Amino acid sequence: MEAEPTVKLSKADAPAPVKAARVRLKRKMRMEDALQRIGLNCMAQIESNVPGVLVQNVESLHQMRVGLRRLRALLAMFRDLAPLPPGLQEELDWLAAELGATRDWDVLAGTILPSITGIQTGALQAAAQEQARALHKNLLPALRSPRYGQLVQQMNGWLHGRQWRPAAGLGPDDPLAKCALDGLVPLVRKAQRRLRKRVAALDENDAPSRHRVRIAAKKARYAAEFFRDLLPKKEVKAYIKCLSGVQDRLGHLNDLAVADRLLPELAHHGHAHDGAYARGWVGGSACAAAHGLRDALGKVARMKLA
């Protein structure tokens, strides 16, 4: 049988970037029902953004990456209850690495460099955009490959087929057989404890320490968003709003740290002087943005949902 021809979409034909849809859970659902519904919600966001990524839409790539982050956070949350096959976990890690490098250059070219003052950054932006375009093109074979297709098929099969179940099925005492309203409590509390621990250990001026807090904040927010329908409405709304503000700040700091790592690569391509200035500007901006971060994080660390 001949292979079907690849359909090439123009940028005008590509669908708009797809943000995460709200997960809808029912109070009488079992935990495995919640796992399946949330997982399929994440997969829908990932798959819906592929057409945009194939025509090198920057925001589609961002949203595809968000969907993948949400999925990986969910699987980490349920790791002890429904462990993913190791081979499938490795494939998710592969996809995350493929998407991540491209997004880093998009942010440098489109967000960080245009914000620098004191010098003209046009040449640096052009060089960063060239690198980003090259990485976008390199993504196309990966997303059209059998490897990616198999990953999507296996992940959807694991979720639809509830392949976490033992051969004998779920026993009455299995945590996945619990009512989601009760079963979510230890998962949400674990995410909150992790965040509090990372905040307590935070060194505001240390990028790796800030990154650890950022990851914990993401997981805590995803936990709240996943189970939003089953949590107290007023409290979860305030919690997500507070976390969103903190995440924006941590995300900006992470973008600056990534920029500091990538800028030397531009220096090797004839932009040494401007690149050195840009690194100095990035470093100074990071110090200013990190000031008082612990106090802002302390507020969200003290909040409770369950």
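Predicted model: local features only at pLDDT ≥ 70, side-chain atom pairs only at ≥ 80, totals over all residues.
Reader: OK, and what angle do H1 and H3 pack at?

Author: About 160°, and their axes are 7 Å apart. H1 covers residues 31-48. That angle makes H1 roughly antiparallel to H3, because anything over 145 degrees counts that way.

Reader: Which residues make the contact?

Author: From H1 you have Leu35, Ile38, Gly39, Asn41, Cys42, Met43, Gln45 and Ile46. On the H3 side it's Gln63, Met64, Val66, Gly67, Leu68, Arg70, Leu71 and Leu74.

Reader: And how many of the residues in the contact of H1 with H3 are nonpolar, polar or charged?

Author: They split into 10 nonpolar, five polar and one charged.

Reader: Switching topic: His136, where does it lie?

Author: In helix H5, residues 122-143.

Reader: Is His136 buried or exposed?

Author: Buried, because its relative accessibility is 3% and the cut-off for buried is under 20%.

Reader: So what is His136 in contact with, leaving aside its neighbours within four places in sequence?

Author: Gln56, Asn57, Val58, Leu61, Thr102 and Asp106. Take Asn57: it sits 79 residues from His136 in sequence, yet the two C-alphas are 8.8 Å apart in space.

Reader: You mentioned Gln56. What is its phi?

Author: Positive, about 65°, although Gln56 isn't a glycine. You'll find Gln56 in the loop between helix H2 (50-54) and H3. With 24% relative accessibility, Gln56 counts as partly exposed.

Reader: Which other non-glycine residue has a positive phi, near 50°?

Author: Arg162. Arg162 sits in the loop between helix H6 (146-160) and H7. Arg162 has a relative accessible area of 18%, so it's buried.

Reader: Last topic, the largest nonpolar core. How many residues does it have?

Author: It has 98 residues, and Leu108, Met155, Leu195 and Phe227 have the most contacts inside it. Helix H9 (residues 233-267) gives the most to this core, with 14 residues.

Reader: What is Leu195 in contact with, again leaving aside its neighbours within four places in sequence?

Author: Val213, Ala216, Ala217, Ala220, Tyr239, Leu243 and Val300.

Reader: Oh, Val300! Which residues in H11 are buried?

Author: Val300 is one of them, along with Leu293, Leu297, Gly298 and Ala301. H11 itself is residues 293-302.

Reader: And what covers the buried residues of H11?

Author: The cover includes helix H7 (180-200), helix H8 (207-226), H9 and helix H10 (272-290).

How values were computed. Residues numbered from 1 in each chain as written. Heavy atoms only, no water. Core = buried A, V, L, I, M, F, W, Y, C linked by side-chain atoms within 4.5 Å. Buried < 20%, exposed > 50% of the residue type's maximum accessible area, 1.4 Å probe, protein only. Helix = DSSP H or I, 4+ residues; strand = E, 2+ residues; numbered from the N terminus. Contact = heavy atoms within 4.5 Å. Axes fitted to C-alpha atoms, helices over the stretch in contact; angles between N-to-C directions. Parallel < 35°, antiparallel > 145°, perpendicular 65-115°, else oblique. Nonpolar A, V, L, I, M, F, W, Y, C, P; charged D, E, K, R; others polar.
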